[in-house]
Amino acid sequence: IYDLKLTMKETGIDKFVELYQHQEKYLAYCRECHNYGTKWSCPPLNVNTADFLRPYRYVTVAAVQMVFRKGIVESVPPDKIKEVTIDTILPVKNVFHDAMLSAEQEIPDSITLSSGGCTLCDKCLRPEAKPCRQPARMRYSLDSFGFDLSAITEELLGIKLLWCKGKLPDY
């Protein structure tokens with residue numbers, strides 16, 4: 001029902017942080033999210049983001065666009081948009097996550113950050129104050145570091161983020 005398009009761009013980490021990290025603004029959005037305090041990948045974090053990013057000189061931003069094939073957007077009724085979105089995005093996100101973990105193995109001293117909360121487990125143990133079941137695979141989200149995902153995708157990658165507003169977006 002969709003085609004995938006990969007877009008990547010590399011830039012210096014200092015410039016990336018200067019242009020796109022606005023912690024106060026975006027962490028305020030995180031506080032309103034249902035994942036806040038319920039997933040180890042989401043705020044409040046147990047790491048200092050500046051210290052976490054300090055060892056890195058550059059960042060490669062990679063995005064996978066799911067472009068819905070002709071007729072799909074119009075065929076999804078409004079009451080099924082959330083279900084279709086989850087059913088299509090999660091498998092792609094999980095495959096992409098595994099690909100990025102493999103890339104970490106190929107690129108010395110690299111680390112992956114994701115977007116959105118971790119989806120590795122059906123239920124995160126954080127609310128029970130228990131450690132992550134998969135700490136070697138869990139990655140923090142760019143949003144949890146206070147990065148502006150819309151600006152990153154639009155300015156760096158040339159992709160305008162589309163949201164579900166009464167209908168499935170084209171991509």
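**View 1. Aromatic pairs in the predicted model.** Seven aromatic pairs are counted, where rings of Phe, Tyr and Trp (its six-membered ring) pair if their centres lie within 6.5 Å, and where planes under 30 degrees apart count as stacked, over 60 as edge-to-face and the rest as tilted. One of them joins Phe-16 and Phe-147, a tilted pair with 4.9 Å from centre to centre and 35° between the planes. Because Phe-16 lies in helix 1 (residues 13–20) and Phe-147 in the loop between helix 5 (81–106) and helix 6 (149–157), this pair ties together parts that are 131 residues apart in sequence. Both Phe-16 and Phe-147 are buried, a word that stands for under 20% relative accessible area, with exposed for over 50% and partly exposed for values in between (1.4 Å probe, protein chains only). Ring pairs also link Phe-16, Tyr-20 and Phe-147 into a cluster.

This is a predicted model, in which local features need pLDDT of at least 70 and side-chain atom pairs count only at pLDDT 80 or more, while totals for chains, interfaces and linings use all residues. Residues are numbered from 1 along each chain as its sequence is written, and side-chain values use heavy atoms, with hydrogens and water left out.

**View 2. The ring pair of Phe-52 and Tyr-140****.** The ring centres of Phe-52 and Tyr-140 are 5.7 Å apart and their planes stand at 90°, so the pair is edge-to-face. Since Phe-52 belongs to helix 3 (residues 49–53) and Tyr-140 to the loop between helix 5 and helix 6, the pair ties together parts that are 88 residues apart in sequence. Tyr-140 counts as buried, at 11% relative accessibility.

**View 3. Two sides of helix 2****.** Helices here are DSSP runs (H or I, at least four residues), numbered from the N terminus. In helix 2 (residues 23–31), the buried residues include Tyr-26, Leu-27 and Cys-30. These three cover an arc of only 100° around the axis, which puts them on the same side of helix 2; the arc is that of the directions from the helix axis to the C-beta atoms. On the other side of helix 2, Glu-24 and Tyr-29 are exposed.

**View 4. Thr-153 in helix 6****.** Thr-153 is buried, with a relative accessible area of 13%. When its neighbours within four places in sequence are left aside, Thr-153 is in contact (heavy atoms within 4.5 Å) with Gly-158, Ile-159 and Leu-161.

**View 5. Lys-80 in the loop between helix 4 (72–75) and helix 5****.** Lys-80 is partly exposed, with a relative accessible area of 35%. From C-alpha to C-alpha, Lys-80 and Leu-4 are 22 Å apart in space, and in sequence they are 76 residues apart.
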